[in-house]
Amino acid sequence: MQTQFQPTLLFEPVHSIEELNTRFWKWLESDYHQREHSALQGESPAGRFGRLGASLRLLDKHAPLERWFGMELTRRVRKDATFSLGGRFWEVPTHLRGQIITVYFDPIAYTRVEIAIRGNIVGQARPCNKHRNAQLGPGNDYEHDAF
């Protein structure tokens, strides 16, 4: 796009976002998708799609897209029922102390940090409240709050 489409804008500038979108889609469909690509072994994107498009599978409308487009890391839960992620500590239920967990998260916003054990989602981590975490002990667990 940068080396093929953008230079055309120097010779024929656009005056609105609608005009830019129209010209871009026209270029994409009539030029880019029709041209042979070395990354596709000399096949065009339109040709490849035409040949293999019938074998594409559609996603279930309830598919967990946020997990598929997020990140996944493995962490060990510390003795204080926390783990480190993104430069901060996150709390999990105390029964997970010492266990290896898989963490699924959005690496930009950290809005949803899910934890799993052996592939099974067991809940969400939450940002560590250091004062509350320091008081956790037998009979003083917050597992029944948000997990």
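Among contacts in the protein between residues at least 6 apart in sequence, what percentage join residues at least 24 apart? The share is 35%, where a contact means heavy atoms within 4.5 Å. The structure is a predicted model, in which local features need pLDDT of at least 70 and side-chain atom pairs count only at pLDDT 80 or more, while totals for chains, interfaces and linings use all residues. Residues are numbered from 1 along each chain as its sequence is written, and side-chain values use heavy atoms, with hydrogens and water left out.

The protein contains six helices and seven strands; these are DSSP runs numbered from the N terminus, helices being H or I of at least four residues and strands E of at least two. Read from the N terminus, the order of elements is α-α-α-α-β-β-β-β-β-β-β-α-α. The radius of gyration is 24 Å, well over the 15 Å that the globule rule gives for 147 residues, so the protein is more spread out than a compact globule. That radius is taken over C-alpha atoms, and the rule is 2.2 Å times the number of residues to the power 0.38. The C-alpha trace spans about 70 × 40 × 25 Å along its principal axes. Of the 147 residues, 27% are buried; buried means under 20% relative accessible area, exposed over 50%, and partly exposed in between, with a 1.4 Å probe and protein chains only. The protein exposes about 10,800 Å², of which carbon and sulfur atoms supply 54%; accessible areas come from the Shrake-Rupley method with a 1.4 Å probe, and for residues only the protein chains shown count as cover.

The loop between α2 (17–32) and α3 (45–52) holds E43. With a relative accessible area of 18%, E43 is buried. Apart from its neighbours within four places in sequence, E43 is in contact with R35, E36, H37, R48 and R51. The side chains of E43 and R48 meet in a salt bridge at 2.9 Å, N to O, a salt bridge being a side-chain nitrogen of Lys or Arg within 4 Å of a carboxyl oxygen of Asp or Glu. R48 is partly exposed, at 24% relative accessible area. E43, R48 and R51 are linked in a network of salt bridges, and the structure holds six salt bridges. Q41 also lies in the loop between α2 and α3, and its phi is near 55°, a positive value in a residue other than glycine. Most residues other than glycine have a negative phi. Q41 counts as exposed, at 66% relative accessibility.

F69 counts as exposed at 70% relative accessibility. Together L59, L65, W68 and F69 make a nonpolar surface patch of about 490 Å². Patches are made of residues with over 30% relative accessible area and no salt bridge: like charges are joined within 9 Å, and nonpolar side chains (Val, Leu, Ile, Met, Phe, Trp, Tyr) within 5 Å.

Three strands form an open antiparallel sheet in the order β2-β3-β7; two strands pair if DSSP finds at least two bridges between them. Its edge strands, β2 (82–85) and β7 (126–127), each pair on one side only. Four bridges join β2 to β3 (residues 88–91) in the antiparallel sense, and T82 stands opposite E91 in β3. R126 forms a salt bridge with E91, with the closest N and O atoms 3.7 Å apart. This pair links distant parts of the chain, R126 being in β7 and E91 in β3, 35 residues apart. Both R126 and E91 are buried. The loop between β1 and β2 contains A81, which has a positive phi of about 65° although it is not a glycine. A81 is buried, with a relative accessible area of 0%.

Strand β5 (residues 113–117) has five of its five residues buried, so it is largely enclosed by the rest of the structure. In a regular strand the side chains alternate between the two faces of the sheet. Both faces of β5 are covered, with V113, I115 and I117 buried on one side and E114 and A116 buried on the other. β5 pairs in the antiparallel sense with β4 (residues 100–105) over four bridges, and F105 stands opposite V113 in β5. β5 also pairs in the antiparallel sense with β6 (residues 120–124) over four bridges, and there E114 stands opposite Q124. The side chains of R112 and E114 meet in a salt bridge at 3.1 Å, N to O.
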